[in-house]
Amino acid sequence: MMDILHLGGILTLLILFPNLLLLAFPSKKSESDSDSSNKFSVIVLLERIGQAGCFVLPFLYRLNISSTSNCVMIVVMAILLFSYYACWIRYWINGRGVEWFYHPMFGMMLPMAVLPVLYFLLASIVLQSIWLFIAAIAFAIGHLTESWKQYRKIVHANPENKLHDGSV
């Protein structure tokens with residue numbers, strides 16, 4: 001039985017890694033960007049509570065890779081993680097414009113919002129944590145709603161932007 005003691009937090013660190021680069025290299029904001037996402041709303045509060053849970057709770061659990069089903073889920077999580085990294089690479093290559101956070105990729109709308117949500121939902125199963133599952137659902141509701149609002153705002157502010165066509 002292979003059981004790694006309390007290394008569930010590695011799942012958080014892996015998904016957060018590219019986000020940490022934003023501290024040193026912030027996005028280049030366009031003139032249509034505003035701080036409206038910082039305004040209080042129930043959705044933003046739900047997103048923040050979900051984020052906190054998703055980022056902290058895995059550190060409290062063991063990463064159990066002894067079962068075949070957990071190994072399969074970890075492989076799927078790795079695919080989601082590498083897809084998320086591909087989105088970040090595309091963001092960096094294209095000049096760090098904030099619109100690249102919302103650009104479709106892999107035939108998926110809002111991949112930089114959807115991929116981490118799916119990742120944390122699977123992590124809750126791998127770590128066998130109902131609390132992480134609840135946090136991931138809260139994160140999903142808030143993060144996907146806010147990302148959709150920002151996407152719509154960018155599309156309406158710049159109709160010539162190709163965000164709606166799924167181009168890479």
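## Disulfides and cysteines

A disulfide here is a pair of cysteine sulfur atoms within 2.5 Å. Search the whole structure on that basis and you find zero disulfides. This is a predicted model, where local features need pLDDT of at least 70 and side-chain atom pairs count only at pLDDT 80 or more, while totals for chains, interfaces and linings use all residues. Residues are numbered from 1 along each chain as its sequence is written, and side-chain values use heavy atoms, with hydrogens and water left out.

What about the cysteines themselves? Cys54 has 0% relative accessibility, so Cys54 counts as buried. Cys87 also sits at 0% relative accessibility and therefore counts as buried. Buried means under 20% relative accessible area, exposed means over 50%, and partly exposed is in between (1.4 Å probe, protein chains only).

## Overall layout

The chain has five helices and two strands, and from the N terminus on its elements run β-α-α-β-α-α-α. Helices (H or I, at least four residues) and strands (E, at least two) are DSSP runs, numbered from the N terminus.

Of the chain's 168 residues, 43% count as buried. If you take the contacts with a separation of 6 or more, residues 24 or more positions apart account for 79% of them. Contact means heavy atoms within 4.5 Å.

## H3 against H4

The axes of H3 and H4 come within 9 Å and cross at roughly 160 degrees, which means that H3 is roughly antiparallel to H4. Axes are lines fitted to C-alpha atoms, for helices over the stretch in contact, and angles run from 0 to 180 degrees between N-to-C directions. Under 35 degrees counts as roughly parallel, over 145 as roughly antiparallel, 65 to 115 as roughly perpendicular, and the rest as oblique. The H3 and H4 crossing is left-handed; that is the label if the near helix is turned anticlockwise from the far one by less than a right angle, with right-handed used if clockwise.

On the H3 side, the contact residues include Met73, Met77, Cys87 and Trp88, and H4 brings in residues including Pro111, Tyr119 and Val126. By class, this contact has 19 nonpolar, two polar and one charged residues. Ala, Val, Leu, Ile, Met, Phe, Trp, Tyr, Cys and Pro count as nonpolar, Asp, Glu, Lys and Arg as charged, and the others, Gly among them, as polar.

## A look at Val126

Val126 is found in helix H4 (residues 111-126). At 1% relative accessibility, Val126 counts as buried. Which residues does Val126 touch, not counting those up to four places away in sequence? The list is Leu63, Asn64, Asn70, Met73, Ile74 and Met77. Take Met73: Val126 and Met73 are 53 residues apart in sequence, yet 7.0 Å apart in space, C-alpha to C-alpha.

## Two other helix pairs

Helix H1 (residues 9-24) and helix H3 (residues 68-93) have axes that come within 11 Å and cross at roughly 5 degrees, so H1 is roughly parallel to H3. Among the residues making the contact are Phe17 and Pro18 of H1, plus Tyr84 and Trp88 of H3. The class tally for H1 with H3 is 14 nonpolar, one polar and no charged residues.

Helix H2 (residues 42-56) packs on helix H5 (residues 130-157) at an angle of about 140 degrees, with their axes 7 Å apart. H2 and H5 are therefore oblique to each other, and their crossing is left-handed. Cys54, Gly50 and Gly53 of H2 are among the contact residues, as are Ala135, Phe139 and Gly142 of H5. The contact of H2 with H5 has ten nonpolar, six polar and two charged residues.
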